[in-house]
Each structure stands twice: as C-alpha cells, then as structure tokens.
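Grab a pencil and work through these exercises with the structure open beside you. Try each task yourself before you read its solution.

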Amino acid sequence: MDPATMLTLVAREATRNRTAIMQRPPPCTVDTCDLGKGIIRYRPTVAGNSIYGACFIVLLFIQLYFGIRKKTWTYMTAVCLGILGEIVGYGGRLMLYNNPFNMNNFLVYLVPLTIAPALLTGGIYVCLSRVVVVVGADYSRIKPKMYTYIFVGCDLLSLILQSIGGAIASISHKQKTTDLGVHIMIAGLISQIASMLIFFGLWGDFAIRVRKAKRSGHLNAQAPLYDNLRAARMFHWFQWSLFIATALIFVRSVYRVAELWEGFSSHLANDEVTFMIFEGPLIITAVVLMTVYHPGRVFDDLWIAAGKGFRFMRHGDSGSTDKIELVERDH
C-alpha cells in the first residue's frame, strides 16, 4: 500500500471516529437528565450530609487527642480508621449531590460507609477483653484475649469481603458484575451481623454468670488490682456505653443489608429519609458514646495492665512505686 493511500485511510478513520463521538449523547448532568437515570434517584441533601460529616471530623480529633494522651494505640487506630471511613463516605454523598449519575461518586459514598462500622466494632472488642479481666475473667467461658482475637478476626473477614465486593463493583462496566460485587458486600455485612450476635451471646452469658455469683455471695474471683476501677461509676457507665454502641451498630448493619439486598434500584436504596435516620445518627451516637466514655479516661494507667491480663500488683521491700511489678496469673 502506497503512502498516499495509507494517509487517505487514516483520514477517513479519523473522520469516522469524530462523527461517532459527535453523535454520542453527552454525559448526563442534573440539568440535562432526569434523576431517574442516576445511580441513586435523588440528590443527597447538602446540609444534612455536611452536618454528619462535620460531626465525624470533630469526633476524629477528640479520639486522636485521647488516644495519644492515654496511649490506647490499638483502640485509637481501629476507631479513627472507622471515623475516617465515615468522613470519606459523606464526602462521597456531597459529590453525588453535584453528579448523581457518576458511578465513582456513588462508590466513594457506598464502600467507606459500608465498611467503617466494622472498624468501630473492632475497638469495642478490644475494650470488652479488658472489661472481662477487670470484672472477673474466671466467669468468662473463653479467655479475655480471645474476645479480641476471635471477633477482630471476624471483623477482618467482614472487611475483606466488603472490600472485595466494593472493588469488583467499582471496576465493573457490566450490571451483572456490579451485582456480584454488591452480593459479596452483603455477604461481608451478614458475616459481621453473625459475629456480633455471637459476641452478644458470650457477653450476655458472662454478665449472667457474674450476676449469679454476686447474688449467691461467691463473687470472689475478681482481680484485686482493679478494685477501685470496679467501684467507679464511670466504669459502670462505660460498660453500658459499649453495649449501646454495639447495639446501634448492629441495627445499622441490619438496615444496610436490607438496603443493598434488592440492589441499587430498590425503593429502600433510594429513600434518603430512611438513610438519614438509620445510617448517620446511629453511628454518630455510637461514636459519641465511645468518645465520652473513652477507655483511656476510664482505665487510665490500668489500660495496658488489663490488656495483658494482669491481676495483682506486688510492691518491693521499700514499698516505692518505682518497684511495682505486675504479675499475671494463669487462667
């Protein structure tokens, strides 16, 4: 083929491509398309989502302050990552206000808000293992540290499934593959709900056994190291705050499964009022409780000791505090 012919063919192909591009309908905007064609069929409220996002930003700074000051590193990491996910998710909803037709905007909202509560429950599981040590490890059916190992492990499984599902949905250009990603996310949420139910069962069993021992006058397996902490009203309310926060996250997770169950086009997935009631307020309330009753404020210097399962303090011959030794008793 001679050069002149080749140039002619290239010119014709370029003209054909330009014509196809010119004939292709322009991307939808809020001014040119009906909202029924959007990923969600409404424009998220700017005021409501901005308020929710601002609440999480404030809570993030308070959590960082207490976490660094009280050296609750594991708790701080889990909770702060969860709060960051909430902040990014509400940023995604504000992006959807400007363009509800963009799938990337939708996924910036969907994925972080879906996985963030699993990180928050990780912080709760870390706290309960210490509560068991303080109240009485002998009344628990499993060792205190196992609460963290088992349920944080379950949270990691849930996070992996939800992340894989979100990744599949984000890179997919076919509805069938997008639906597969959503189904994997739902599986992750269901696994989170199942682990939380088991968590409630073990926690409830522990509380019942402690109550029975107290009523019978045989509550004598409590670690002396935490006598003052157990007597503090703050510790009493701390336990209730953990329970309420877990229950709120559980209700929210059930709602999230129902929302995604029938896909993005379902009525529930496109009902902003229900979302604004069952998503933001529940998680904000949970994080507020986890902040007001921050474990660093409650446990203070005993946070590390409780995490290691220590039960006694033994003083040196001089009785000076610099010779205090923490001793762990096998359970």
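## Exercise 1: The nonpolar core

Task: In this predicted model, find out how many residues the largest nonpolar core has and which of them have the most contacts inside it.

Solution. Step 1: The largest nonpolar core has 80 residues. Inside that core, Phe 106, Tyr 226, Phe 235 and Phe 299 have the most contacts.

Step 1: Now look for the main contributor. Helix α4 (residues 103-136) gives the largest share of this core, 17 residues.

Step 2: Zoom in on Phe 106. Leaving out residues up to four places away in sequence, Phe 106 touches Ile 39, Ile 40, Leu 96 and Phe 264.

Step 3: For background, nonpolar side chains tend to be buried together in soluble globular proteins.

## Exercise 2: Reading the confidence

Task: Work out where in the chain the confidence is lowest and where it is highest.

Solution. Step 1: Start with the whole chain. The average pLDDT is 86, and 86% of the residues score at least 70.

Step 1: Strand β2 (residues 325-327) has the lowest confidence, with a mean of 41, while helix α2 (residues 46-70) has the highest, at 98.

Step 2: Check the stretches with pLDDT below 50. Residues 19-24 are one of them, and beyond near neighbours in sequence this stretch has zero contacts in the model. Residues 315-331 also have a pLDDT below 50, but that stretch has 31 contacts beyond near neighbours in sequence.

## Exercise 3: Tracking salt bridges

Task: Say how many salt bridges there are, then describe the parts of the chain that Glu 272 and Arg 93 link.

Solution. Step 1: The count comes to eight salt bridges.

Step 1: Take Glu 272 and Arg 93, whose closest N and O atoms are 3.5 Å apart. This pair links distant parts of the chain, with Glu 272 in helix α9 (residues 272-278) and Arg 93 in helix α3, 179 residues apart. Both Glu 272 and Arg 93 are buried.

Step 2: Next comes Arg 141 with Asp 205, at 2.7 Å between the closest N and O atoms. Arg 141 sits in the loop between α4 and α5 (144-171) and Asp 205 in helix α6 (residues 175-216), so this bridge ties together parts 64 residues apart in sequence. At 57% relative accessibility, Arg 141 counts as exposed.

Step 3: Arg 230 and Asp 227 meet in a salt bridge with an N to O distance of 2.3 Å. They both lie in helix α7 (residues 227-231), three residues apart, which is about one turn of the helix.

Step 4: Finish with a network: salt bridges that share partners join Arg 252, Arg 256, Glu 259 and Glu 279.

## Exercise 4: A charged residue without a partner

Task: Decide whether Glu 86 is buried or exposed, and which side chain of opposite charge is nearest to it.

Step 1: Glu 86 is buried, yet it has no salt bridge. The nearest side chain of opposite charge is Arg 252, 5.7 Å away. A salt bridge needs the atoms within 4 Å.

Step 2: See what surrounds Glu 86. Not counting residues up to four places away in sequence, Glu 86 touches Phe 56, Leu 113, Ala 116, Pro 117, Glu 279 and Ile 283.

Note on methods: Residues are numbered from 1 along each chain as its sequence is written. Side-chain values use heavy atoms; hydrogens and water are left out. Buried means under 20% relative accessible area, exposed over 50%, partly exposed in between (1.4 Å probe, protein chains only). Lys and Arg count as positive and Asp and Glu as negative; His and the chain ends are not counted. Contact means heavy atoms within 4.5 Å. A nonpolar core is a set of buried Ala, Val, Leu, Ile, Met, Phe, Trp, Tyr and Cys residues joined through side-chain atoms within 4.5 Å. Helices (H or I, at least four residues) and strands (E, at least two) are DSSP runs, numbered from the N terminus. pLDDT is the predictor's confidence in each residue, from 0 to 100.
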